[in-house]
Amino acid sequence: MIKSILVLFFVFFQIGLFSIGGGYAIIPLIQEQVVNAYEWLNIQEYTDIITISQMTPGPLVVNTASFVGMRLAGVFGAIAATTGSILSGTIISIALYKFFRKYKNIDSIANVLKGLTASSVGLIASAASTIILLAVVGTSSLNVENFHLDFVAVILFFVSLFALRKYKLNPILVMVLSGIVGLFIY
């Protein structure tokens, strides 16, 4: 039990350490550790956690860490995983604050930040494609043998996107309405 709590702490400490960009940019890294490397969750469970994390307050990595920790080792597992994910970010933030305060006028430092921003965009695109593929095709990769397009999900996606962009509806309202439609259809 103590070993699994320590593993949870260090895995989520590592995730927090490399979660440049946060939010959606961290989804592929969490998936790599939680689904692929340690097999604590399958891909469908992971997608469900991402969905639930977006409906609950707090950062995605914290919500995911809490859920995975609770599932594997109870309350102490949730505390260890959540602490690991928060502690690394706190240490990095303090160190970066001191660094940028000292060297804020150097152009090469600004260029490093631009590079990090570009990599975050790539990570966000990867996460978005994974979520869309899972919702629309039912798998996280475009495998020809398992390709089954869910037309209802595609229509619901485009109707939701249209409602958000054209009518500027509240995203929470669109999520609730989509959930109700999904409840009746699926």
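E39 is exposed, at 64% relative accessibility (exposed means over 50% relative accessible area, buried under 20% and partly exposed in between, with a 1.4 Å probe and protein chains only). This residue sits in the loop between helix 2 and helix 3, and its phi is near 55 degrees, a positive value in a residue other than glycine. The model is a predicted one, so local features need pLDDT of at least 70 and side-chain atom pairs count only at pLDDT 80 or more, while totals for chains, interfaces and linings use all residues. Residues are numbered from 1 along each chain as its sequence is written, and side-chain values use heavy atoms, with hydrogens and water left out.

**The overall picture**

- The protein chain comes to seven helices and zero strands; helices (H or I, at least four residues) and strands (E, at least two) are DSSP runs, numbered from the N terminus.
- Read from the N terminus on, the elements go α-α-α-α-α-α-α.
- Taken along the principal axes, the C-alpha atoms fill a box of roughly 55 × 45 × 35 Å.
- Of the 186 residues in the protein chain, 30% are buried.
- Take the contacts (heavy atoms within 4.5 Å) between residues at least 6 apart in sequence: 53% of them join residues at least 24 apart.

- The chain is split into domain 1 (1-103) and domain 2 (107-185), with bounds that come from an automatic or database domain assignment.
- Their C-alpha centres lie 21 Å apart, and the contact takes 15 residues from domain 1 and 13 residues from domain 2.
- About 1200 Å² is buried between domain 1 and domain 2, and carbon and sulfur atoms give 80% of that area. Buried area here is the accessible area (1.4 Å probe) that two parts lose on being put together, summed over both.
- Across this interface the rule finds zero salt bridges, a salt bridge being a side-chain nitrogen of Lys or Arg within 4 Å of a carboxyl oxygen of Asp or Glu.
- On the domain 1 side, the elements that give two or more residues are helix 2 (27-37), helix 3 (43-55) and helix 4 (60-102). Helix 3 gives the largest share, five residues.
- That side of domain 1 divides into 11 nonpolar, four polar and no charged residues. In this scheme Ala, Val, Leu, Ile, Met, Phe, Trp, Tyr, Cys and Pro count as nonpolar, Asp, Glu, Lys and Arg as charged, and the others, Gly among them, as polar.

**Helix 2 up close**

- The buried residues of helix 2 are I27, I30, Q31, Q33, V34 and V35.
- They pack against helix 1 (2-17), helix 3, helix 4 and helix 5 (107-136).
- L29 is also found in helix 2, but counts as partly exposed at 27% relative accessibility.
- Leaving aside neighbours within four places in sequence, L29 is in contact with I15 and F18.
- L29 and I2 are 27 residues apart in sequence and 24 Å apart in space, C-alpha to C-alpha.

**The salt bridge**

- The structure holds one salt bridge: the side chains of E45 and R71 meet at 3.0 Å, N to O.
- The pair links distant parts of the chain, with E45 in helix 3 and R71 in helix 4, 26 residues apart.
- E45 counts as partly exposed, at 26% relative accessibility; R71 is partly exposed as well, at 43%.

**Other residues worth a look**

- K168 has a positive phi of about 55 degrees although it is not a glycine.
- K168 is found in the loop between helix 6 (151-166) and helix 7 (171-185), and is exposed, with a relative accessible area of 64%.
- N63 lies in helix 4 and counts as buried, at 17% relative accessibility.
- Not counting residues up to four places away in sequence, N63 touches S53, T56, P57 and G58.
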